[in-house]
Amino acid sequence: MFISAQTIFPGLTGEELADSLRANFRPQQVLTYGEARDTLWRNIDSEGNTLVGVYSGFSVELDPSLDPTQDAFAKGINAEHTYPRAFGADFGNPEADMHNLFPTRVQVNSDRGNLPFGDINDNQTDDWYFLDQEQSNPPANNRDLYSERLQNSRFEPREEHKGNVARAMFYFYTIYRPEADAVLPSWIDQQLDDLCQWHLDDPVDIRELNRSSAIAFYQDGKENPFVVDCSLARRAYCPNLPQQQCLSSTEDVNLPAEVLIQVIGSNRHANEKILSIEILKPLRLEVDWYDALGRMLSTQQLGYLSEGLLQLKYNERMASGPLVARLRMWHDGRWVMKSTVVR
């Protein structure tokens, strides 16, 4: 089974690892910035029609008959560039890459501005953000639900989003290093210690893993590798972090993959590897093929399928040795994933 604990580019660290990630995970094609926001708000980040801002938990109900970006903005939510536009994300693919975009209450987004991230002493915090409220005094209860700002200094997200911030920052600075360094090469350095700790304290959960997979569908099949393999942060930027047990792609899923498909077996025929499955319930199926190093080789988008037997084929001339087929199934408003080795 392919799990996120599988090491991508084993043995590589530091700049050599960053260079390999950039060469293999930078998407050649992404949506336009407008299309990216529409897609996130409509298909990926909303649950039902509810869209929640990541920094304060402020939520709005979207009208499915309206343009999602315009509707969200009218109700108080816009797109936050985790790595700011001013420092390299202001045009083209860096601006529209969805791994760097999150829904945020407009005022919180504006107040964060281009501030670096970092932990703030509660007694020094100038502004606290929760839902649609802001206050200058420390909350009496549930401080972990608040984001914080120290004016003209730094911004601290609420606890449940800190790891997501760290992995989005690692992603952008790795994948778009030329664009970031052309503006201010040292900007991320002052944040690294806190980002590394946030990555450790707030590990990848199934929601983040599913989000990365869903975004990859629209971005040349490229996931955020720092979400897929949690060891990358330590090997690329955080050498003092302890090793972590990474989340499996099938852990903690509300709907078990086994109720949607059954893997019958795999075999080789001529120059093809063949995976046989039985579809138990109608679903939309996508298949990502990986080599033994965890590198994505190709994606098959099979669309909506009804119950029945199906053979998935991969041209063996394109890769030798065992492969991993990662089945991504969209059913009942959620992604469910299952991976299996094909020899």
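By class, the lining of the largest cavity splits into 4 nonpolar, 4 polar and 2 charged residues. Here Ala, Val, Leu, Ile, Met, Phe, Trp, Tyr, Cys and Pro count as nonpolar, Asp, Glu, Lys and Arg as charged, and the others, Gly among them, as polar. This is a predicted model, where local features need pLDDT of at least 70, side-chain atom pairs count only at pLDDT 80 or more, and totals for chains, interfaces and linings use all residues. Numbering starts from 1 along each chain as its sequence is written, and side-chain values use heavy atoms, with hydrogens and water left out.

Back to the cavity. The lining residues are His 99, Phe 102, Asn 164, Ala 168, Glu 208, Arg 211, Ser 212, Ile 215, Asn 224 and Val 227. Helix 6 and helix 9 (206–218) are the elements that give two or more residues to this lining, and helix 9 has the largest share, with 4 residues. The space inside comes to about 90 Å³, and the structure holds 1 cavity of 30 Å³ or more. For the grid-minded: on a 1 Å grid over the protein atoms alone, a cavity is a set of points where a 1.4 Å probe fits but cannot get out, and lining residues have an atom within 4 Å of a point. Grid points are joined across faces, edges and corners, and the volume is the space filled by probe spheres set on the points.

Now for the helix packing. Helices are DSSP runs (H or I, at least four residues), numbered from the N terminus. Axes are lines fitted to C-alpha atoms over the stretch in contact, and angles run from 0 to 180 degrees between N-to-C directions.

| Helix pair | Angle | Axes apart |
|---|---|---|
| Helix 6 (162–175) and helix 8 (192–201) | about 125 degrees | 8 Å |
| Helix 2 (33–44) and helix 9 | about 135 degrees | 11 Å |
| Helix 1 (14–25) and helix 6 | about 85 degrees | 8 Å |

Angles under 35 degrees count as roughly parallel, over 145 as roughly antiparallel, 65 to 115 as roughly perpendicular and the rest as oblique. Helix 6 and helix 8 are therefore oblique, and their crossing is left-handed (the near helix is turned anticlockwise from the far one by less than a right angle; clockwise would be right-handed). Among the residues that meet here are Met 169 and Phe 170 in helix 6 and Leu 195 and Trp 198 in helix 8, contact meaning heavy atoms within 4.5 Å. That contact divides into 8 nonpolar, 2 polar and 2 charged residues.

Helix 2 and helix 9 are oblique too, with a right-handed crossing. Thr 39, Leu 40, Asn 43 and Ile 44 in helix 2 meet Arg 211, Ala 214, Ile 215 and Tyr 218 in helix 9. Arg 211 and Ile 215 also line the largest cavity.

Helix 1 sits roughly perpendicular to helix 6. Ala 18, Leu 21, Arg 22 and Phe 25 in helix 1 meet Tyr 171, Thr 174 and Ile 175 in helix 6, giving 5 nonpolar, 1 polar and 1 charged residue.

Technical notes:
1 Å grid on protein atoms, 1.4 Å probe; cavity = no way out; pocket = protein on both sides within 12 Å on 5 of 7 lines; lining within 4 Å.
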